[in-house]
Every structure is written in structure tokens, then in C-alpha cells.
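Hello, and thanks for looking at this one with me. Please keep the structure open beside this note while you read the points below.

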Amino acid sequence: MAVTTEKRTYTVDEFWALCHQTDERLELVKGALRELAPANFEHGLVAGKLQVLIGQFVMSQRLGYVVAAETGFVLSEQPATVRAPDMAYVSRERVMESHIERFADFAPDLVAEVVSPSDTFSSVAEKVEDWLNAGVRLVWVIDPATKTVRVYRTGQPTQVLREQDTLSGEDVLPGFACKVSELFAW
Amino acid sequence: MAVVTGKRRHTIEDLWVLSHQTDKRLELVRGELRELTPTGWEHGRVCARIARLLDVYASGGQRGVALGAETGCVLHAGDEPTVRAADAAFIRRERLPEQLPVGYAQIVPDLVVEVTSPSDTYAMVAEKVNDWLLAGAQMVWVVDTSSRQVSVHRPNQSVRVYGESDTLSGEDVLPDFACKVSELFAW
């Protein structure tokens with residue numbers, strides 16, 4: 001869950017400097033700091049599972065890269081927004097000519113967010129909005145509590161997938177498919 | 001917050017009869033009864049403010065009708081009967097029937113407002129938004145009393161989130177309606 005920590009606003013550069021002075025996990029949303037609390041175990045299991053499934057597919061097809069949770073992406077400079085997805089896939093083309101030693105200055109192609117019980121609806125909606133506005137082509141919101149996945153794309157109605165449904169990579173990861181139930185099984 | 005009350009499947013008629021036999025506030029979601037517990041103070045205050053803004057906008061029926069909390073609307077008849085109650089809603093004049101219905105409205109409001117409580121989970125709210133949009137609502141506002149944000153959901157559009165300093169517009173659903181988001185939460 002994100003907790004708003006203080007009122008002053010930061011630029012991306014100031015935020016970068018701050019991240020080197022603190023052990024806290026932070027996001028920057030419209031200039032304001034948000035603290036990211038450690039996730040519960042189920043959240044970690046689902047995010048881990050997804051990372052393995054997507055990672056295997058992306059590597060075998062040599063499509064690009066999968067990044068783990070906490071990787072910062074600059075979604076907007078003004079107002080400054082740096083978000084960290086639970087998992088993201090970035091195609092080869094988007095990574096090229098970028099400074100990978102800092103926050104990524106490009107948007108991922110695919111982002112997955114795993115919902116924690118403490119997440120409010122509007123905090124999740126805001127993340128989805130930020131990712132899509134920044135150019136993410138496909139956003140999956142995975143809710144372990146209801147074993148559902150919500151699929152968001154710009155200008156398209158939200159799709160709700162349940163356990164028996166298939167999660168598809170669509171045109172973002174052509175050929176990728178897995179049962180939704182697989183994400184929640186161990 | 002909704003509490004699942006029983007697994008037996010119910011019809012819309014069952015709900016109507018039940019609602020006259022009990023003091024409980026119930027919704028019917030795909031044949032399943034859900035109990036609505038009384039909300040907190042902040043929720044009630046914000047609902048009242050929104051209902052007032054919508055009622056003023058309605059201008060005595062010239063633009064349409066504002067509905068207050070707990071008004072039952074039939075979202076889906078048939079094999080997955082669903083009757084939901086929005087926290088506030090607006091139906092445009094041209095969509096109103098000659099006579100207002102006695103039972104649950106068979107008309108899905110043009111605008112639906114859901115005010116979230118801190119105990120509402122992501123999935124509960126997402127399911128409601130989805131149900132309203134699929135049933136034909138043109139716009140859903142989710143008003144979050146804790147973060148003081150409003151997310152705007154429309155069919156075939158990406159979600160937009162507005163903060164206190166932003167202006168909430170009625171867009172083409174409630175033309176000329178505009179208010180500061182902060183106004184919804186101001187004392």
C-alpha cells in the first residue's frame with residue numbers, strides 16, 4: 001500500500017538523489033512521495049510466478065527484457081512521476097539508446113500490478129491511468145483475493161478474466177498464453 | 001461494504017419481497033444477495049453533497065432526475081439477475097419514462113456515483129464499475145473519501161483520476177456540469 005509521506009514536491013533528479021540516501025521504497029506521483037510497504041507473501045508468490053512465466057517466454061523468443069519489482073520508470077517529468085511496477089516487460093526497441101544505469105526514461109510495453117488487500121480502488125486506478133498515459137500498451141491488474149485479472153488498454157473497455165479464462169499476451173507478446181488459474185496455483 | 005449473505009440464488013422478485021420484510025439493505029448480484037452495512041460518517045456526508053449538486057443541476061426536472069443512495073436499479077434481468085444501488089445517480093430527462101417506476105428502476109442511470117469507504121476492496125469497486133458500464137451507464141464516478149480523488153470511468157475510454165485541485169466535468173453526459181473535486185469533500 002502506498003502511504004503519502006510528506007507534502008513538499010520533488011523533481012525527478014531530486015527524487016533520484018533521495019533514493020540514494022534512503023532505504024525506503026518510494027514512488028514519486030505528481031511530485032509527491034509515496035511509500036511502498038513490503039508486500040504480503042501471496043502478493044510475492046503471484047508476482048514471482050508471473051515473472052517466471054513471462055520471463056521464460058520473452059527470453060526464449062528473444063523479444064526483450066523482463067524487469068522485477070521496484071524498477072523505477074519515469075512516466076512524466078512535469079509533474080514528476082516515477083512509478084515502479086510489480087513486473088514489466090520491455091521490448092528490445094524501447095530499451096535501446098537508453099541510460100540503463102538510471103531510472104528508465106521510457107515506458108514498458110506490458111505492466112502487471114498485483115493488488116494487495118490494503119490497496120484502495122482509486123490508488124490502483126491512478127496507477128493504471130499513469131501507465132497507459134505514459135505509453136504502456138497492456139496493463140494487467142492481478143487480484144489474488146478474487147483470483148481475477150483485469151486487462152486495461154488505452155481506449156478499450158476493461159476486460160475481466162476469471163480462473164478458467166486464458167490470459168493472452170495479445171499483440172504485445174504474440175503467442176503468450178496461460179490459464180489465469182495458473183497464476184494462483186502452487 | 002457488502003457482506004455476502006447466502007449462496008442460494010434469488011430472483012429480482014425475491015429481492016423486492018425481501019426488501020419489504022427486512023430492515024436490511026440488500027443488493028442482488030448475479031442471483032446472490034449482498035448485504036450493505038451502514039456506512040461511515042464521511043461517506044454519508046460526501047454522498048449528500050454529491051446528491052445536492054446533482055439535484056441542483058437537475059433544475060427541478062428540466063435536465064433530468066437525481067437519485068439518492070439506495071435506489072435500486074435493475075442492471076440485468078434473466079439468468080443472472082442483478083439489482084444494484086448506487087450512492088448517487090442521474091438520469092437525463094429524455095430517458096425518463098412518462099411515469100416514474102414504483103419498484104426498482106428498469107433504467108440504468110446515465111451517471112452513477114459510487115463513494116468508497118476505507119473498507120472497500122479494489123475488487124468490490126472494480127466489479128461495481130464494470131457492472132454499471134456493461135449495463136449501459138455512460139459515466140461512473142468513483143469518489144474516494146480517503147485519498148480525495150475521483151476516478152472517471154466511461155465505456156471505451158481509459159480511466160482518468162482527478163485530485164482535489166482538478167475540476168470534475170459532466171462531459172457530454174451532464175453538459176455544463178462542473179465542480180471542483182475539493183467541493184465534494186469540503187465542509
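This is a predicted model: local features need pLDDT of at least 70, side-chain atom pairs count only at pLDDT 80 or more; totals for chains, interfaces and linings use all residues.

1. Residues are numbered from 1 along each chain as its sequence is written, and chains are lettered from A and ligands numbered from 1 in the order in which they are written.

2. Now the overall build of chain A. It has five helices and 13 strands, where helices (H or I, at least four residues) and strands (E, at least two) are DSSP runs numbered from the N terminus. Its radius of gyration is 16 Å, close to the 16 Å that the globule rule gives for 186 residues, so chain A is as compact as a globular protein of that length. That radius is taken over C-alpha atoms, and the rule is 2.2 Å times the number of residues to the power 0.38. The C-alpha atoms of chain A fill a box of roughly 45 × 40 × 30 Å along the principal axes. Buried residues make up 39% of the 186 residues; a residue is buried if 20 or more other C-beta atoms lie within 10 Å of its own, exposed if 12 or fewer, and partly exposed in between, with C-beta atoms placed from the backbone.

3. For its 187 residues a compact globule would have a radius of gyration near 16 Å, and chain B agrees with 16 Å. Buried residues account for 37% of chain B.

4. Leaving aside neighbours within four places in sequence, A:Gln51 is in contact with A:Val66, A:Ala68 and A:Met87.

5. Two backbone details in chain A are worth checking on screen. A cis peptide bond, with omega about 0°, joins A:Gln78 and A:Pro79; A:Pro79 is in the loop between strand E5 (73-77) and strand E6 (80-83) of chain A. A:Arg62 is not a glycine, yet has a positive phi of about 50°. This residue is in the loop between H2 and strand E4 (64-67) of chain A, and A:Arg62 counts as exposed because it has 7 C-beta neighbours inside 10 Å.

6. In chain B, please find the open sheet of six strands, with the order E4-E7-E8-E9-E10-E11 and mixed pairing. Two strands pair if DSSP finds at least two bridges between them. Which strands are at the edges? They are strand E4 (64-67) and strand E11 (160-162) of chain B, each pairing on one side only. Within the sheet, six bridges join strand E8 (residues 111-116) to strand E9 (residues 139-144) of chain B, and these two run parallel. B:Glu114 stands opposite B:Val142 in E9(B).

7. Strand E5 (residues 71-76) and strand E6 (residues 82-86) of chain B run antiparallel and are joined by five bridges. B:Cys73 has B:Arg84 as its bridge partner in E6(B). Five residues lie between the strands of this hairpin, where B:Gly78 takes a positive phi near 70°.

8. Finally, look at where the chains meet: 24 residues of chain A are in contact with 21 residues of chain B. Which element supplies the largest share of the side of chain A that touches chain B? H4(A) does, with nine residues. The residues on that side of chain A divide into 10 nonpolar, nine polar and five charged. In this count Ala, Val, Leu, Ile, Met, Phe, Trp, Tyr, Cys and Pro are nonpolar, Asp, Glu, Lys and Arg are charged, and the others, Gly among them, are polar.

Definitions and conventions: Two residues are in contact if their C-beta atoms, placed from the backbone, lie within 7 Å.
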